[in-house]
Amino acid sequence: MSKKLIYTICNNSFKELFPIFFKTIREHNPEVDLLVITDKNDFFKNKFEDLMVYQIPDLDWKYSGRFMIHNWERIHNYETILYLDCDIICQKNLVEVFNLILVQKNKLSLVQSYPSIAQDLDWFLMNGYKASENAVSYN
């Protein structure tokens, strides 16, 4: 089995949402490692079991922070990596999403909504593959 990582970015504005994110991800995906990228470790320290914290002082959480994962010293320990916003509530195991990442290895796989989303619920992966509206998770 491949080693899987879900990571998020969290600052003071979102710390009230993080416990819900953590609980639902952990409940449905106990086999996946969890990492939070943050500028301050004090909120996360010793509060969440098995949570890894990557602290980056002066983190630009709004724009480039999520891409700082590439500087994390343990990034190469994982075969599949999934970024989720910390306001996500997970309702199922994300194995389908991780399998899709493995199938599309070495390709950018971001889910993007289009302006017509409110009308016809079309969602597409950046590489042209379409995900069904019953997919496990969207971001």
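Helix H1 (residues 18–28) has buried residues Phe 18, Phe 21, Phe 22, Thr 24, Ile 25 and Arg 26. Their cover includes strand E1 (4–9), strand E2 (33–38) and strand E3 (51–55). Buried means under 20% relative accessible area, exposed means over 50%, and partly exposed lies in between, with a 1.4 Å probe and protein chains only. Helices (H or I, at least four residues) and strands (E, at least two) are DSSP runs, numbered from the N terminus.

This is a predicted model: local features need pLDDT of at least 70, side-chain atom pairs count only at pLDDT 80 or more, and totals for chains, interfaces and linings use all residues. Residues are numbered from 1 along each chain as its sequence is written, and side-chain values use heavy atoms, with hydrogens and water left out.

**The chain as a whole**

The chain holds three helices and six strands. Their order from the N terminus is β-α-β-β-β-α-β-α-β. Of the 139 residues, 38% are buried. The chain exposes about 8,800 Å², and carbon and sulfur atoms supply 51% of that area. Accessible areas come from the Shrake-Rupley method with a 1.4 Å probe; for residues, only the protein chains shown count as cover. A contact means heavy atoms within 4.5 Å. Among contacts between residues at least 6 apart in sequence, 58% join residues at least 24 apart.

E2 is largely enclosed by the rest of the structure, because five of its six residues are buried.

Two strands pair if DSSP finds at least two bridges between them.

| Strand pair | Sense | Bridges | Residues opposite each other |
|---|---|---|---|
| E1 and E4 (residues 80–83) | parallel | four | Ile 6 and Leu 82 |
| E1 and E2 | parallel | five | Ile 6 and Leu 34 |
| E2 and E3 | parallel | five | Val 36 and Val 53 |

Val 36 in E2 is also the bridge partner of Thr 8. From E1 the chain crosses through H1 to E2, and this β-α-β crossover is right-handed. Right-handed means that, with the strands pointing away from the viewer, the path from the first strand over the helix to the second runs clockwise.

**Two nonpolar cores**

A nonpolar core is a set of buried Ala, Val, Leu, Ile, Met, Phe, Trp, Tyr and Cys residues joined through side-chain atoms within 4.5 Å. The largest one has 22 residues, and Ile 6, Phe 18 and Leu 94 touch the most other members. H1, E2 and helix H2 (95–103) each give two or more residues to this core. H1 gives the most, with four residues. A second, separate core has 14 residues, including Ile 9, Leu 35, Tyr 54 and Ile 56.

Which residues does Phe 18 touch, not counting those up to four places away in sequence? They are Thr 8, Cys 10, Val 36, Phe 43, Phe 44, Phe 48, Leu 51 and Cys 86.

**Cysteines and Asp 85**

A disulfide is a covalent bond between the sulfur atoms of two cysteines. Here a disulfide is counted as a pair of cysteine sulfur atoms within 2.5 Å. The count comes to zero disulfides. Cys 86 is buried, with a relative accessible area of 3%. Cys 90 is buried too, at 6% relative accessible area.

Asp 85 sits in the loop between E4 and H2. With a relative accessible area of 24%, Asp 85 is partly exposed. Asp 85 and Phe 18 are 67 residues apart in sequence, yet 9.5 Å apart in space, C-alpha to C-alpha.
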